Amino acid sequence: MSGRSDTADVVVVGGGPAGLATAAEAARGGLRVVVCERSHAIGEPVRTSGGSFIKPLKRLGVPSSCWHPVHRIRVVGPSTEVVKTYRRPVGCVLDVRRTYQWLGAQAVDAGAEIRLKAQVEGLLEHDGRVRGVRTRDPFRGPHELTSHVVVDASGHTGFLARGAGLRPGNERSAVGLEVELRATGYDHDEAIFWLGDDIAPGGYGWAFPCGEERVRLGVGVLRPDSVAEPRALLDRLLDEFRTRIGPASPASAIEMHSGLMPVIPPRATQLVGRGLVVVGDAAGQGSTLLGEGIRYAIEAGRFAGRSLVEAGGDFTPHGLASYPRAWRRHTRRDMTISYAVNKRIANYHDEDWDRAIRRLDRLTATQAARVFASDFSPRWALGVLLTDPALVRDLARHVIGRGRS
Ligand SMILES: Cc1cc2nc3c(=O)[nH]c(=O)nc-3n(C[C@H](O)[C@H](O)[C@H](O)COP(=O)(O)OP(=O)(O)OC[C@H]3O[C@@H](n4cnc5c(N)ncnc54)[C@H](O)[C@@H]3O)c2cc1C
């Protein structure tokens, strides 16, 4: 191998929200952290729609300049439609580039080094434990970057964790394709979800306004549950969108985004191994209900980074145990329910969607927002028990059913 080698306490593979949040927290705690990102810039290319929720983002300290608030959520089914209105917005659409660059700045300010166009090719191992990575970048060429611990934050592939046997392969994935349109005639206070066999069998279509008269229009389907081709679906959705805003209103693409998100059971990944930590999509930590992962990636990264500091150099599953503990305590209920519902709705057809939308109609705006946000707290369940007891019973049945399978 040519090139020189260098060293860090922590090498983070991937400069997405999970990797950057981990890096910031670990560097803040005094560890020397290097982030290797294969792309030429943080936040590029955009692979995600950025739909999120204001309260949890505020709790994570993400500045409000990073999102566009949404006052109405419309769900359009095959023959039903429901609108929930929020005087004080709960949902929002992130400026993904700005948010990831803000996370990058946080990591740098804390003392982490970010290396761009730095492709990681594999792990360095010695005596059964991880000792760094093999990587290449334009300044150093191919080289070995040694470290006491490696964080796999590589997103959908989770290739290092998979290679180390910490997680299964992506048996199921959500595949998404969207265009960011300039569309002045669209109501930029409103986000739309489309459901049904025509728009996205076993998935959904969306219109997410993201500020500056732009809207992200996309479709996502589950593989292998659905064989539908996202390009054809998006084409159809564009027609539907143009009809909605009126044929005289201009709408054309400014950007195109696509990507994959893993759909794996919440407890399928071992989050820590000997000298290896897995975080974000690499660990399947997003909510599989609507395919929302950004705020979870940030949260998980913070837990992981804190744990790296608290480990005091003991980068074994024992030394790093606080990370999986914190993550599970924080998300187990919501992730388990979201996954059970995901499995169920992957087989939904038009009549099921219409029924589900009529159900959603019975919920208050706040209760519905909690469903969108995968927040199934006991308080939510108690409230819903009064408005739609059968829904709580059904959810319990799905989750218990999964538990037995
Ligand atoms: C189409 C689509 C729409 C989505 N919509 C939403 C949404 O509306 N809201 C939401 O919250 N979430 C959404 N998600 C999910 C969200 O994008 C992910 O959950 C989130 O990006 C996970 O962050 P991460 O840091 O774990 O992974 P990523 O954001 O994927 O970051 C991984 C990083 O690792 C880098 N990398 C990979 N391999 C290497 C390597 N070998 N060497 C160096 N670097 C490497 C990549 O370049 C990338 O920058 C969507 C996903 C898709 C695909």
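Does Asn342 count as buried or exposed, and at what relative accessibility? In this predicted model, Asn342 counts as buried because its relative accessibility is 4%, below the 20% under which a residue is classed as buried. Asn342 belongs to helix α7, which spans residues 322-345. Beyond the neighbours within four places in sequence, the contacts of Asn342 are Arg172, Leu222, Val263 and Thr288. Helix α7 also holds Tyr339. With a relative accessibility of 5%, Tyr339 is likewise counted as buried. Tyr339 stands 288 residues from Gly51 along the chain, and the C-alpha atoms of the two are separated by 19 Å.

The domain assignment divides the protein chain into domain 1 (6-44 + 97-168 + 265-336), domain 2 (51-94 + 171-262) and domain 3 (347-404). Between the centres of domain 2 and domain 3, taken over C-alpha atoms, the separation is 21 Å. To the contact between these two domains, domain 2 contributes 18 residues and domain 3 contributes 17 residues.

Phe53, in strand β3, and helix α9, which covers residues 365-372, were examined next. Phe53 has a relative accessible area of 11% and is therefore buried. Leaving aside neighbours within four places in sequence, Phe53 is in contact with Val90, Gly91, Cys92, Glu292, Arg295, Ala369, Phe372 and Ala373. Two of these partners, Ala369 and Phe372, are themselves among the buried residues of α9. Just after α9, Ser374 adopts a positive phi of about 55°.

The ligand is surrounded by 34 residues, of which Glu37, Gly51, Asp281, Gly293 and Ile294 are the closest. For Pro17, a backbone N or O atom is 3.2 Å from an oxygen atom of the ligand. For Ser49, a backbone N or O atom is 3.2 Å from a nitrogen atom of the ligand. A polar backbone atom of Gly291 lies 3.3 Å from a ligand nitrogen atom. Taken on its own, the ligand has 1,000 Å² of accessible area, and the protein covers 92% of this.

The elements that supply two or more residues to the shell around the ligand are α1 (17-28), β9 (119-126), β16 (252-262) and α6 (294-310). Among them, β16 gives the most, with three residues. By residue class, the shell consists of 14 nonpolar, 15 polar and five charged residues. Both domain 1 and domain 2 take part in the shell, each with at least three residues.

How values were computed: Residues numbered from 1 in each chain as written. Predicted model: local features only at pLDDT ≥ 70, side-chain atom pairs only at ≥ 80, totals over all residues. Heavy atoms only, no water. Near = heavy atom within 4 Å. Polar contact = N/O pair within 3.5 Å; in protein donor to acceptor, adjacent residues only side chain to side chain. Areas by Shrake-Rupley, 256 points an atom, 1.4 Å probe, with all protein chains shown as cover. Helix = DSSP H or I, 4+ residues; strand = E, 2+ residues; numbered from the N terminus. Nonpolar A, V, L, I, M, F, W, Y, C, P; charged D, E, K, R; others polar. Domains from an automatic or database assignment. Buried < 20%, exposed > 50% of the residue type's maximum accessible area, 1.4 Å probe, protein only. Contact = heavy atoms within 4.5 Å.
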